[in-house]
Amino acid sequence: MHDWPYPFWIAHRGAGTLAPENTLAAFRLGASHGYRMFECDAKLSSDGLPFLLHDDTLERTTHAAGDTGGVAGHHKWHTLSQRDAGSWHSPAYAGEPLPTLEGIARFCIANGYFLNIEIKPTIGTARHTGEVVAQHAARLWRDSAVAPLLTSFDIPALEGARAAQPELPRGLLIHALEGQSWAQWLGHATRLQCQAIVCNYELWTAQAVTQAKAAGFRLLSYTVNDPHEAQRLIGLGTDGVITDRVDHFQPHS
């Protein structure tokens, strides 16, 4: 992507920690702080519907009377749609539902916002989840000028997304080098035909930035909440920052 269309500042899971993550309420709050791009996590219900949730399990961020939760991807959407995804955060958000990817897409498209969809597959479903999320994204954004950026730590998920909808932009997420060199990680991203590298902000050094840019990638960082780190990344010439601090960093592009 020679003309990178996305803003520099990206709101993590909608509004960071200010609202229940991965909910429409969080997106609305992030937007009220001036953010035009959002990051979210998407996985599949057992009947194949993409919805927003970070964890493998339901316990941390959703509640239901008399139900302990379990693996989110083992439930049908009808069951998941009844869960309270807001009261864990604060009483003001009690009753906030889990959103579908389609619901979030409609909000973003109607308001001209951009989206980074992190593919978060249930264990054992990586490639299939990548395929289905990419298919839904292509359908939902088919009339939009800018498609969402699909990212994942899971290489098979990105392989599935590439196979299903090769025209959608992709980014490889990297948390740690795990004994591999930067050249090896850049090789993975090149093979996956990614446009971006999205990594733990601590991994970006001047040398790593030079290597990644020379290989033709756009460079994004997560989760940047410290102003000094944000300035360091700006100085290095990176292309985007994902932050929880939507109340602190004022997006300007």
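Me: Let's take the lining of the second largest cavity: how does it divide into nonpolar, polar and charged residues?
Reply: Keeping in mind that this is a predicted model, the lining of the second largest cavity divides into 4 nonpolar, 2 polar and 2 charged residues.

Me: Which residues are they?
Reply: The lining is made up of Leu-49, Pro-50, Thr-100, Leu-101, Glu-102, His-136, Arg-139 and Leu-140. Two elements each give two or more residues to this lining, namely helix H3 (101–111) and helix H4 (126–140).

Me: And which one gives the most?
Reply: That is H4, which contributes 3 residues to the lining of the second largest cavity.

Me: How much space is in there?
Reply: The second largest cavity holds about 40 Å³ of space.

Me: OK, on to the helices: how do H3 and H4 cross?
Reply: Their axes come within 11 Å and cross at roughly 35°, and the crossing in which H3 passes H4 is right-handed.

Me: Which residues meet there?
Reply: From H3, Leu-101, Glu-102, Ala-105 and Ile-109 meet Val-133, His-136, Arg-139 and Leu-140 of H4. Taken by class, the residues of this contact are 5 nonpolar, 1 polar and 2 charged.

Me: What does Glu-102 form with Arg-139?
Reply: Glu-102 and Arg-139 form a salt bridge, in which the closest N and O atoms are 3.7 Å apart. This pair links distant parts of the chain, since Glu-102 lies in helix H3 and Arg-139 in helix H4, 37 residues apart. As a general point, side chains of opposite charge can pair when their charged atoms come close.

Me: How many salt bridges in the whole structure?
Reply: A search of the whole structure finds 13 salt bridges.

Note on methods: Residues are numbered from 1 along each chain as its sequence is written. This is a predicted model: local features need pLDDT of at least 70, side-chain atom pairs count only at pLDDT 80 or more; totals for chains, interfaces and linings use all residues. Side-chain values use heavy atoms; hydrogens and water are left out. On a 1 Å grid over the protein atoms alone, a cavity is a set of points where a 1.4 Å probe fits but cannot get out, and a pocket is an open set with protein on both sides within 12 Å along at least five of seven lines; lining residues have an atom within 4 Å of a point. Grid points are joined across faces, edges and corners, and a volume is the space filled by probe spheres set on the points. Helices (H or I, at least four residues) and strands (E, at least two) are DSSP runs, numbered from the N terminus. Ala, Val, Leu, Ile, Met, Phe, Trp, Tyr, Cys and Pro count as nonpolar, Asp, Glu, Lys and Arg as charged, and the others, Gly among them, as polar. Axes are lines fitted to C-alpha atoms, for helices over the stretch in contact, and angles run from 0 to 180 degrees between N-to-C directions. A crossing is left-handed if the near helix is turned anticlockwise from the far one by less than a right angle, and right-handed if clockwise. Contact means heavy atoms within 4.5 Å. A salt bridge is a side-chain nitrogen of Lys or Arg within 4 Å of a carboxyl oxygen of Asp or Glu.
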